[in-house]
Amino acid sequence: MRESTVQVKGLVAGTVPFSAVDGTGSRYVIFLQGCGFDCLTCHNPGTIPSQPRGMRQVSVGSVLDRVIESAPFLTGVTITGGEPTMQPEFLEALLVALAEHPATAHLTRLLDSNGDAPAELWDQLIPLIDGVMLDVKVLDPERHFVLTGRGNRRVLASASRLAAKGVLHEVRLMLVPGINDADGELTRTAHWLLSLDPQVRVRVNAYRRHGTRACARHLLEVTDADRVRYREVLTAAGLRNLTIG
Ligand code: SF4
């Protein structure tokens, strides 16, 4: 590994040495700071600012050292955020370091992304990763803007690209009652996802207020009855690889 790779610096909001909910198996989770979206439903809003006051940059080498300590007990590493692709140079250097170091090379590398990244960046990242867990908030661009403050053109293009390259590990649907959970919307989303990958793995994340900002408190929480309906509608649309959270 080149010395310059481990010297690249970035902003890391936090790390979790063992997680069973951020991809397959036991995973080291790295939260990169900064996100281009401003989701009403964000449960980690502290990671949104790209230059938070007082946060110091850390080197790829220092993060790698922490992963190495846990590596014998891990299945893989998940890099999330914020939005990991917001720090492309740091992200790429970190993935290269994890892939090349003998103590971490056996670990799978997953990204947890909102998908708002250009095709050229995915083309650089795809050879370095095992998969992407991709958030798809809603297909309709106007409602996507209401939910995130941004359009979804690049998100949908990213989903297509990742599926075509065989690295769409999972799609996550954050459903909010009355906003993006109508039967027709769910069916349309399921059909679109199946057109990308007939075996697509989908996880529904049901909206909960806990941990969100005051601006989201007016949103309704998902009920058990909603969960039953989500399963019925998405299964009827053809999704087989489905988890309702
Ligand atoms: S994409 Fe994720 S991290 Fe970014 S604002 Fe939305 S929920 Fe928060």
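Predicted model: local features only at pLDDT ≥ 70, side-chain atom pairs only at ≥ 80, totals over all residues.
Which backbone oxygen lies 2.7 Å from a polar atom of the side chain of Gln 33?

1. The backbone oxygen in question belongs to Pro 49, and the distance from it to a polar atom of the Gln 33 side chain is 2.7 Å. Gln 33 itself is found in the loop that runs between strand β3 (27-32) and strand β4 (58-59). Although it sits in a loop, Gln 33 has a relative accessibility of 3% and therefore counts as buried, the cut-off being under 20%.

2. The surroundings of Gln 33 can be listed once its neighbours within four places in sequence are left aside. The residues in contact with Gln 33 are then Leu 11, Val 12, Ala 13, Gly 46, Thr 47, Ile 48, Pro 49, Pro 52, Met 55 and Gln 87.

3. In soluble globular proteins, nonpolar side chains tend to be buried together. In this model the largest nonpolar core has 68 residues, and Ile 30 and Ile 79 are those with the most contacts inside it. Helix α3 (residues 88-100) gives the most to this core, contributing eight residues. There is also a second, separate core of six residues, and Cys 35, Cys 42, Ile 48 and Val 155 are among them.

4. A point to check in the backbone is the peptide bond from Gly 81 to Gly 82, which is cis, with omega near 15°. Gly 82 has its place in the loop between strand β5 (76-80) and helix α3.

5. The largest pocket has a volume of about 1,000 Å³, and 38 residues line it. Of these, Thr 80, Asp 112, Asp 135, Arg 172 and Asn 205 lie nearest the centre of the pocket. The elements that give two or more residues to this lining are β6 (108-113), β7 (131-135), β8 (168-175) and β9 (201-206). Sorted by class, the lining of the largest pocket consists of 11 nonpolar, 16 polar and 11 charged residues.

6. Asn 205, one of the residues nearest the centre of that pocket, lies in strand β9. Is Asn 205 buried, partly exposed or exposed? With a relative accessible area of 23%, Asn 205 is partly exposed, because the value falls between the limits of 20% and 50%. Not counting residues up to four places away in sequence, Asn 205 touches Arg 172, Leu 173, Met 174 and Leu 175. Asn 205 and Leu 175 are 30 residues apart in sequence, while in space they are 6.3 Å apart, C-alpha to C-alpha.

7. The structure holds one cavity of 30 Å³ or more, and the largest cavity has a volume of about 60 Å³. The residues that line the largest cavity are Val 136, Lys 137, Val 138, Leu 139, Leu 173, Leu 175, Asn 180, Glu 185, Leu 186 and Thr 189. Both β8 and α7 (183-196) supply at least two residues of this lining, and the largest share, three residues, comes from α7. By class, the lining of the largest cavity has six nonpolar, two polar and two charged residues.

Methods: Residues numbered from 1 in each chain as written. Heavy atoms only, no water. Core = buried A, V, L, I, M, F, W, Y, C linked by side-chain atoms within 4.5 Å. Buried < 20%, exposed > 50% of the residue type's maximum accessible area, 1.4 Å probe, protein only. Helix = DSSP H or I, 4+ residues; strand = E, 2+ residues; numbered from the N terminus. Polar contact = N/O pair within 3.5 Å; in protein donor to acceptor, adjacent residues only side chain to side chain. Contact = heavy atoms within 4.5 Å. 1 Å grid on protein atoms, 1.4 Å probe; cavity = no way out; pocket = protein on both sides within 12 Å on 5 of 7 lines; lining within 4 Å. Points joined across faces, edges and corners; volume = space filled by probe spheres on them. Nonpolar A, V, L, I, M, F, W, Y, C, P; charged D, E, K, R; others polar.
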